[in-house]
Amino acid sequence: MDISPFLQRKLARRFATFDTNRDGYIGRTDFVSACERLAAAFQLAPEARALKRMRELSDGLWQHLSQAADVNLDGRISLAEYQAAFAAGLLVTPASFDAGYVPFLDALMDIADEDGDGKLTRDEQVRWSGALMGLPEADAREVFGRLDRDADGLIGRDDMLRAIREFYFDEEPTSTGVWLLGPLDPA
């Protein structure tokens, strides 16, 4: 499968949010440290059920990515390997993507949605995206504003899932999902 230059830019942005230690590679330690930062941002005890679930899912995501993308078996994934995995069909359809991503999103909501109403406030969005993906606060606030399509000051799980799907599957440069992880690098 060919991936467009636009999707390559989006994948480069996603890669950067995985590469939390900024060494130019995605490794298991990036996933572990992201979970630790998320725990700190939401003041979760190490034994918290929601945190344990997030750790399990993050480790599963790392295992899946490393099996699909780490072609030279060096225990880390380069940007080229990451993009090649997508070209080889890592995301086949939105439905198969949902099967893998929805549990992760649910686990994230269990942590970030502090009052359990099924919606995130701007502060919750800023904290989780900064902790888990290193998104700068200004970008996280802009993302929230774009995802809050009805301008009620809240974004729900469905808003997040729609934006995630748009990020990976929509080629429209003005779609809301393009901004899911902040601004893309120029073409």
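## Overall picture

Buried residues make up 45% of the 187 residues in the protein chain. Buried means under 20% relative accessible area, exposed means over 50%, and partly exposed lies in between, with a 1.4 Å probe and protein chains only. This is a predicted model, in which local features need pLDDT of at least 70, side-chain atom pairs count only at pLDDT 80 or more, and totals for chains, interfaces and linings use all residues. Residues are numbered from 1 along each chain as its sequence is written, and side-chain values use heavy atoms, without hydrogens or water.

The radius of gyration of the protein chain is 16 Å, which agrees with the value near 16 Å for a compact globule of 187 residues. That radius is taken over C-alpha atoms, and the globule rule is 2.2 Å times the number of residues to the power 0.38. Along the principal axes, the C-alpha atoms fill a box of roughly 45 × 40 × 30 Å. The accessible surface comes to about 9100 Å², and carbon and sulfur atoms hold 53% of that area. Accessible areas come from the Shrake-Rupley method with a 1.4 Å probe; for residues, only the protein chains shown count as cover.

## Fold layout

The protein chain has eight helices and four strands. These are DSSP runs, numbered from the N terminus: helices are H or I with at least four residues, strands are E with at least two. In sequence order the pattern reads α-β-α-α-β-α-α-β-α-α-β-α.

A contact means heavy atoms within 4.5 Å.

## Helix H2

Helix H2 covers residues 28–41. Its 14 residues should span 20 Å at 1.5 Å a residue, and its end C-alpha atoms are 20 Å apart, which agrees. The expected span is 1.5 Å times one less than the number of residues.

The buried residues in H2 include Asp-30, Phe-31, Ala-34, Cys-35, Leu-38 and Ala-39. After H2 comes Gln-43, with a positive phi near 50°.

## Salt bridges within helices

The structure holds 12 salt bridges. Each is a side-chain nitrogen of Lys or Arg within 4 Å of a carboxyl oxygen of Asp or Glu.

One of them joins Glu-56 to Arg-53, with the closest N and O atoms 3.6 Å apart. Both residues sit in helix H3 (residues 49–69), three residues apart, about one turn of the helix. Glu-56 is exposed at 51% relative accessible area. Arg-53 is partly exposed at 38%. In another, the side chains of Glu-137 and Arg-141 meet at 2.9 Å, N to O. Glu-137 and Arg-141 are four residues apart in helix H7 (residues 137–147), so about one helical turn separates them. Glu-137 is partly exposed, with a relative accessible area of 45%, and Arg-141 is also partly exposed, at 34%.

H8 has 13 residues and reaches 18 Å from first to last C-alpha, close to the 18 Å expected at 1.5 Å a residue. Its buried residues are Asp-159, Met-160, Leu-161, Ala-163, Ile-164, Glu-166, Phe-167 and Tyr-168.

Arg-162 and Asp-159 form a salt bridge at 3.4 Å, N to O. Both lie in H8 (residues 157–169), three residues apart, about one turn of the helix. Arg-162 is partly exposed at 36% relative accessibility, whereas Asp-159 is buried at 18%.

Beyond residues up to four places away in sequence, Arg-165 touches Asp-98 and Asp-170. Its C-alpha atom is 9.8 Å from that of Val-178, 13 residues apart along the chain.

Asp-148 lies in the loop between H7 and strand E4 (155–156). Asp-148 is buried yet has no salt bridge. The nearest side chain of opposite charge is Arg-122, 5.4 Å away. For charge, Lys and Arg count as positive and Asp and Glu as negative, while His and the chain ends are not counted. Leaving out residues up to four places away in sequence, Asp-148 touches Gly-153, Leu-154 and Ile-155.
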